[in-house]
Amino acid sequence: MSTHAKRERLLLADLLEAAGPDAATLCEGWRTRDLAAHVVVRERRPDAAAGSLVPALKDRQDRVQAEFADKPYEELIQLIRTGPPRFSPFTIKQVDEGANVVEFYVHAEDVRRAQPDWSSRELDPVFADALWSRLERTARLLGRKVPVGLVLRRPNGQTAVAHRGTPVVTVSGEPGELTMYLYGRQSAAKVEVEGEPEAIERLRETKQLGL
């Protein structure tokens with residue numbers, strides 16, 4: 001049975017292929033070619049991918065990613081489709097699900113939602129629950145720097161606290177939309193925001209959501 005991560009991987013590859021190498025994405029400064037290179041480097045060059053977490057390695061990461069971006073676009077798409085090499089921890093199902101479900105979902109939406117004619121994607125309930133489960137575990141990490149209290153609420157009433165504080169802003173939406181919001185794609189997320197106008201404005205202006 002296909003896992004969520006495998007399904008999202010194939011969807012991301014299909015979207016990248018359909019868009020072509022020079023289409024816009026929601027990742028500032030990145031075209032589709034850059035996004036594809038990022039995904040490949042993350043899985044195949046852990047020595048360089050560590051630059052996302054270790055500032056001292058950022059230059060190396062940028063250099064290696066640029067080298068991959070220069071490869072034929074079709075080759076990058078195929079590397080995404082076929083998945084990580086045998087030595088990668090991502091070949092372990094539990095690691096793949098834990099690390100890649102949100103990664104691939106968000107990047108697939110980065111491609112979809114950068115296009116002017118995009119429409120909402122209806123997620124099946126099991127996948128929506130999987131995204132919500134991950135939000136519950138990571139909300140405080142992703143919202144740790146926001147300047148106001150932040151609560152996430154899905155339509156069934158479940159909530160997750162992303163940041164404790166006052167005044168409180170509540171962001172409501174489906175788990176997929178809340179995922180996009182909390183990962184810094186606020187302008188492309190279909191959510192409702194409630195709270196004091198000044199607090200909402202402070203949250204709207206923040207660049208501190210996500211990793």
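**Close-up views of a predicted model**

**View 1. Helix α2 packs against helix α5.** Helix α2 (residues 32–44) and helix α5 (residues 73–82) pack at about 45 degrees, with their axes 9 Å apart. α2 is therefore oblique to α5; angles under 35 degrees count as roughly parallel, over 145 as roughly antiparallel, 65 to 115 as roughly perpendicular and the rest as oblique. Axes are lines fitted to C-alpha atoms, for helices over the stretch in contact, and angles run from 0 to 180 degrees between N-to-C directions. Helices are DSSP runs (H or I, at least four residues), numbered from the N terminus. The model is predicted: local features need pLDDT of at least 70, side-chain atom pairs count only at pLDDT 80 or more, and totals for chains, interfaces and linings use all residues. Residues are numbered from 1 along each chain as its sequence is written, and side-chain values use heavy atoms, without hydrogens and water.

**View 2. Residues at the α2 and α5 contact.** α2 contributes Thr32, Arg33, Ala36, Ala37, Val39, Val40 and Arg44. α5 contributes Tyr73, Leu76, Leu79, Ile80 and Thr82. Contact means heavy atoms within 4.5 Å.

View 3. The domain assignment, automatic or from a database, gives domain 1 (2–112) and domain 2 (138–203). Their centres, taken over C-alpha atoms, are 26 Å apart. Eight residues of domain 1 contact seven of domain 2.

**View 4. Area buried between the domains.** About 540 Å² is buried between domain 1 and domain 2, with 75% from carbon and sulfur atoms. Buried area is the accessible area (1.4 Å probe) that two parts lose on being put together, summed over both. In domain 1, Leu26, Tyr105 and Val106 lose the most area to domain 2, together 66% of what that side buries.

Note on methods. Helices (H or I, at least four residues) and strands (E, at least two) are DSSP runs, numbered from the N terminus.
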